[in-house]
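Reader: I have a structure to read and some terms to sort out. Can we go through them together?

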Amino acid sequence: FALSSKPRLPSAFSAAFPNTARFSRSYPQRRRFLIVTASSSSFSNKPTVLVAEKLGEAGLTLLQEFANVDCSYNLSPEELCTKISLCDALIVRSGTKVNREVFESSGGRLKVVGRAGVGIDNVDLSAATEHGCLVVNAPTANTVAAAEHGIALLAAMARNVAQADASVKAGKWQRNKYVGVSLVGKTLAVMGFGKVGSEVARRAKGLGMHVIAHDPYAPADRARAIGVELVSFDEAIATADFISLHMPLTPATNKMLNDETFAKMKKGVRIVNVARGGVIDEEALVRALDAGIVAQAALDVFSEEPPKPDSKLVQHERVTVTPHLGASTMEAQEGVAIEIAEAVVGALKGELAATAVNAPMVPAEVLTELKPYVELAEKLGRLAVQLVAGGSGVKTVKVSYASSRAPDDLDTRLLRAMITKGIIEPISSVFVNLVNADYTAKQRGLRITEERILLDGSPESPLESIQVQIANVESKFASAMSESGEIKVEGRVKDGIPHLTKVGSFEVDVSLEGSIILCRQVDQPGMIGTVGSILGEENVNVSFMSVGRVAPRKHAVMAIGVDDQPSKETLKRIGEVPAIEEFVFLKL
């Protein structure tokens with residue numbers, strides 16, 4: 001045998017398989033023997049989590065059970081960039097800007113950014129995605145606190161509570177000056193009908209207000225269940241006596257309330273903002289207040305925090321302000337701390353995150369159901385790409401999902417991301433995860449198409465099988481080629497365990513655990529015993545063995561699952577069995 005290591009791989013990826021060798025000998029050309037291994041990185045030591053803003057003790061305790069925790073508050077941008085290269089995760093609130101420079105300074109080590117709260121406008125999601133960093137938030141724990149603060153500001157503004165309080169403390173008694181307005185019967189427009197907006201609506205209904213809402217993404221049935229009517233943006237601002245803002249800050253919502261929109265509002269409207277300061281053009285709001293279009297405003301958030309002491313808006317007599325207190329209750333602080341700590345620890349463990357912001361968004365119950373299929377998808381990708389010969393790059397991949405469920409009931413984005421990860425990571429120096437899988441594929445010219453095959457039967461399980469095909473390449477294991485000329489592998493989940501069920505045109509059944517040996521052989525008696533004996537003599541435990549054949553006494557593919565990596569000598573002995581025409585060893 002002539003032994004050579006690290007064969008040439010597709011130029012499109014310009015990397016090498018670790019621990020790879022190929023066997024050949026001067027027998028007929030059909031006899032090819034090959035070893036391919038692929039490995040995944042893992043944490044050898046406890047990860048380091050940098051907590052850059054104050055976090056509740058309960059959350060810190062959870063983090064400290066799993067990681068080394070560095071609590072460094074009030075860092076300058078330069079200090080943050082210096083520290084971040086030593087950290088695997090970063091937790092911030094709204095006061096720390098996590099920009100592109102932070103991700104570039106991390107040197108690829110930063111894997112998770114946790115935002116202790118809902119809004120993520122202080123995190124550069126595009127840069128995070130490009131650098132393979134998962135961004136998670138805590139969207140539920142402070143919902144009630146933010147809604148309560150919105151209602152508190154609404155009532156305080158309507159009854160001039162803050163101004164009257166300051167007046168009395170200044171030694172004045174001006175009852176006539178601070179006559180307010182009632183809430184009962186007034187129309188409240190909730191702009192943004194998500195978690196916080198809907199909770200504000202519930203409470204406002206309890207105060208006797210007529211509530212309308214605008215949100216282009218809110219389901220009408222959920223609004224109707226609360227007794228809220230969804231209306232257009234223009235109708236909402238034109239008919240409202242009070243407007244409460246609850247939308248995220250995006251390019252579409254930036255300065256959404258401006259001179260033009262203030263001009264469309266009912267004269268004497270009152271505005272509450274516990275969302276993001278940037279959704280209001282603050283200079284335009286001052287002009288609207290001075291013109292009497294806006295009677296009062298109550299603001300918890302500002303475009304610049306803290307605002308300048310001489311801000312005309314903050315100092316305006318008819319504006320009530322608080323220093324971003326929306327989530328500032330004892331209960332919410334602890335809840336947010338626990339929620340973000342659990343999300344960050346789970347992400348560092350490699351678990352699927354239901355609160356991921358820049359990865360395929362899948363509800364928690366769907367994540368649980370899809371978990372074994374996610375593992376199957378990645379392993380099929382790894383298997384398929386390891387079978388590609390090194391003469392050409394991988395450019396075209398087709399994925400087929402066979403399921404009894406209707407297309408709307410099967411979200412494949414997560415599965416596609418894992419197949420992409422499985423295909424790219426073994427043959428690239430790039431770390432690929434759910435976050436940057438699509439971006440990385442696009443950068444490498446890898447085109448992945450998806451096909452859904454609708455089956456008859458009960459849709460109890462989400463998928464019957466997943467098939468991965470790689471076109472326009474040669475294979476190191478000829479039997480993996482389908483009749484139409486693509487490398488083809490197929491698998492399914494059995495009893496919660498991923499199984500390989502088809503290689504090329506050959507049906508097999510082997511658990512995708514540990515390592516796998518695939519052999520093409522002449523179908524004749526004694527082959528299973530022969531190969532099994534060789535492995536047994538070398539103390540290699542066989543976990544599964546399956547044989548698929550085209551017809552009796554013709555050709556067959558034997559798939560063998562092994563718990564340990566056989567020695568090169570053991571693999572050489574398998575290759576010397578006369579009836580074996582080719583084999584490949586793959587370590588997952």
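Reader: Which residues of α5 are buried?

Author: First, a caution: this is a predicted model. In α5, the buried residues are Thr 143, Ala 145, Ala 146, Ala 147, His 149, Gly 150, Ile 151, Leu 153, Leu 154, Ala 156, Met 157 and Ala 158. That is 12 of its 16 residues, so α5 counts as mostly covered, with buried meaning under 20% relative accessible area.

Reader: How do you know that the length of helix α5 agrees with its residue count?

Author: Helix α5 covers residues 143-158. At 1.5 Å a residue, its 16 residues should span 22 Å. The end C-alpha atoms are 23 Å apart, so the two values agree. After α5 comes Asn 160, with a positive phi near 55°.

Reader: Why is Leu 249 called partly exposed?

Author: Its relative accessible area is 27%. Buried needs under 20% and exposed needs over 50%. Leu 249 falls in between, so it is partly exposed.

Reader: Where is Leu 249 found, and what does it touch?

Author: Leu 249 is in the loop between β12 (242-245) and α10 (259-263). Beyond residues up to four places away in sequence, it touches Asp 121, Asn 254, Arg 276, Gly 278 and Val 279. Leu 249 and Asp 121 are 128 residues apart in sequence, yet 6.4 Å apart in space, C-alpha to C-alpha.

Reader: Which residues have the most contacts inside the largest nonpolar core?

Author: They are Leu 55, Leu 63, Val 344, Val 397, Ile 466, Leu 500 and Leu 518, in a core of 80 residues. Helix α14 (residues 364-386) gives the largest share, 10 residues.

Terms used:
Residues are numbered from 1 along each chain as its sequence is written. This is a predicted model: local features need pLDDT of at least 70, side-chain atom pairs count only at pLDDT 80 or more; totals for chains, interfaces and linings use all residues. Side-chain values use heavy atoms; hydrogens and water are left out. Helices (H or I, at least four residues) and strands (E, at least two) are DSSP runs, numbered from the N terminus. Buried means under 20% relative accessible area, exposed over 50%, partly exposed in between (1.4 Å probe, protein chains only). Contact means heavy atoms within 4.5 Å. The expected span of a helix is 1.5 Å times one less than its number of residues. A nonpolar core is a set of buried Ala, Val, Leu, Ile, Met, Phe, Trp, Tyr and Cys residues joined through side-chain atoms within 4.5 Å.
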